[in-house]
Each structure stands twice: as structure tokens, then as C-alpha cells.
Amino acid sequence: MTTADAAIRVTGLEKSFKDVHVLRGVDFDVAPGSIFALLGSNGAGKTTVVRILATLLRPDAGTAGVHGFDIATQAQQVRESISLTGQFAAVDEILTGRENLMLIAQLHHLKDPGGIADDLLARFSLTEAGGRRAGTYSGGMRRRLDIAMSLIGNPPVIFLDEPTTGLDPQARIEVWQTVKQLAAAGTTVLLTTQYLDEAEQLADRIAILHQGRIIVNGTLAELKQLLPAAKVEYVEKQPSLEEVFLALVGDDTGSGAGDTERAAAQDK
Ligand SMILES: Nc1ncnc2c1ncn2[C@@H]1O[C@H](COP(=O)(O)OP(=O)(O)O)[C@@H](O)[C@H]1O
Ligand SMILES: [Mg+2]
């Protein structure tokens, strides 16, 4: 992928908060229409990256382009090209699902807010629930409504910051299906997650953000190749993403086993 083709291009991003150097030179590209997972532990700096790309926060150094626009010099065009859905949903509980969608369509000055709402309700399997107050929705329905709301205006790039944190397993699967549909329809998705299974399920590429840098970036298959397959009584076992992650990142809270010891342990 050349830089001109990338839907998101991030080069050398640095950001400190007071004396905490959160981002120390972050680089990655995201191909149009793909799902890119930025994977990292709590506090790794995932939200900081997303806020910089969404022009809500200025980097100390580095550049980024979103949908061909520079975040520093073309912030307005960047904002018109994206939507950002955070962990804390923008859904109004008093309104019905349909009213929530219509409200956003009206805020965008779009024609036929009712038609737009009905299309999105159908697309997100919320048609039956559309007439009910959002306050009565399950966590998964609410998050789906939130993502549907963020799609009004057809942004080519969508940022999902920990889209399933706090959801139960069934709701997570519903949101995953929604995200897959988005990318299948051509939207570029940058999602952050601290869940390995989420990255494994959804992402075309996975980048691990650790100690301020992207320490690996590749497809799931490429990441798995970073560890040798463990041989146990002639049965070859492929490493899981979790094993790859722990071997690369180390276990901050754990026994103090180093990366090499961990990698070596996979061979036993
Ligand atoms: N506005 C802020 N002021 C001070 N520190 C911040 C601010 N935003 C984030 N941080 C710190 O930066 C680090 C990364 O935060 P964040 O990007 O939210 O991580 P993540 O989303 O990966 O959990 C954390 O240590 C956090 O406390
Ligand atoms: Mg965060």
C-alpha cells in the first residue's frame, strides 16, 4: 500500500501528558475498507491515538492523514470524513431508537430523516425495537444503535474505541457482526480493543501498542508466526494470539519471566 492509498496514515506520533510520554513514535497505515485493530492494555495510549486522529487532541510530534486529509492543516475535512464512537454511548434513553436516528439525521440537515432511520434500523436488526425507548434496550442493542447513529452521513472512516467493553458475550457477538458488515460495505474501521479475541475475530490487521510504540503490526497469521509452533507429543499446536501478545508484551503483573523465556517456554 502506498501512502496515497491508505485510508489512515500515521507517522511518528508522539504525545506526552506532563512528564508521562504516552506515545513515543507511533506509525501505521490502514487500508481502505479494512478493519484495523489497535490492541493494547489499559493505559497503553489507544484512546490518545484515536483522539489525535479525530482532531480532538494535538500530537506533540508526527503527522497523520485520514481519508487523504492532514489532521493538523485540514482538521475540518478530517472531521467530515470520520465518526467516532466511544465507550460511552451517545444514545438518548428517553427517545426511541428511531427518534435517536432521526435526531442525528436532522442535525446533519439530511433529507428524509425518517427514511434514513428506517434504513439503519433494518441494517442493524433494530426494526422491531425501533419504536421503543432506547432506555429499554439491552447493552448490545444500545451499542448497535450507537454505531448506527455514527454512520449517519456515511463517513468513510469510523473509529470504534473499545466498542464492546462492558458488554456481555452475546452482545459482543452482535456488535462484531455489525462491525464486519460495516467493513464489507466499504467503510474503513479503526477499532481499539484490549481483548485479544476481539482482534482475532474482527481485524484484517492487528497492531500491538506497547510502551508508546507499535511493537508488531500484521495479519493474525503473521503474528502467530512470530512464535514457533509448540510440539507436544507429535501434535503441532499453533500459538494463540494471547500467547503471541504475552510473549511480546510480557506480563507486567506477573512472574517476571522475560520475553525470551516466555517464547522459549512455548517450545516445551
Ligand atoms: N488528558 C490527559 N491528561 C493526563 N493524562 C492522560 C490524559 N489522557 C490520557 N492520559 C494518560 O495517558 C495514558 C494513556 O491513556 P489512554 O490513551 O486513555 O490509554 P488506553 O485508551 O489505551 O487505555 C494513561 O496513562 C492515561 O492516564
Ligand atoms: Mg481507552
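In strand β4, the bridge partner of R9 is G65. The model is predicted: local features need pLDDT of at least 70, side-chain atom pairs count only at pLDDT 80 or more, and totals for chains, interfaces and linings use all residues. Residues are numbered from 1 along each chain as its sequence is written, chains are lettered from A and ligands numbered from 1 in the order in which they are written, and side-chain values use heavy atoms, with hydrogens and water left out.

**Sheet**

- Five bridges link β1 to β4 (residues 61–66), and these two strands run antiparallel.
- Strands are DSSP runs of E with at least two residues, helices are runs of H or I with at least four, and both are numbered from the N terminus.
- Two strands pair if DSSP finds at least two bridges between them.
- The open sheet has four strands in the order β2-β1-β4-β5, with antiparallel pairing.
- β2 and β5 (69–70) stand at the edges with a single partner strand each, so one side of each has no neighbour in the sheet.

**Hairpin**

- Strands β1 (residues 8–17) and β2 (residues 20–30) run antiparallel and are joined by eight bridges.
- E14 has R24 in β2 as its bridge partner.
- β1 and β2 form a hairpin with two residues between them, and K18 in the turn has a positive phi of about 50°.

**Ligand 1**

- The residues around ligand 1 are F17, V22, S41, N42, G43, A44, G45, K46, T47 and T48; a residue counts as near if one of its heavy atoms lies within 4 Å.
- Helix α1 (residues 46–53) gives the largest share of this shell, three residues.
- The shell has three nonpolar, six polar and one charged residues, where Ala, Val, Leu, Ile, Met, Phe, Trp, Tyr, Cys and Pro count as nonpolar, Asp, Glu, Lys and Arg as charged, and the others, Gly among them, as polar.
- A backbone N or O atom of G43 lies 2.7 Å from an oxygen atom of ligand 1, and for G45 the corresponding distance is 2.9 Å.
- The protein covers 58% of the 560 Å² of accessible area that ligand 1 has on its own (Shrake-Rupley method, 1.4 Å probe).

**Aromatic pair**

- One aromatic pair is found in a search of the whole structure; rings of Phe, Tyr and Trp (its six-membered ring) pair if their centres lie within 6.5 Å, and planes under 30 degrees apart count as stacked, over 60 as edge-to-face and the rest as tilted.
- The ring centres of F28 and F36 are 4.8 Å apart and the planes are at 15°, so the pair is stacked.
- Both F28 and F36 are buried (under 20% relative accessible area, with a 1.4 Å probe and protein chains only).

Terms used. Polar contact = N/O pair within 3.5 Å; in protein donor to acceptor, adjacent residues only side chain to side chain. Buried < 20%, exposed > 50% of the residue type's maximum accessible area, 1.4 Å probe, protein only.
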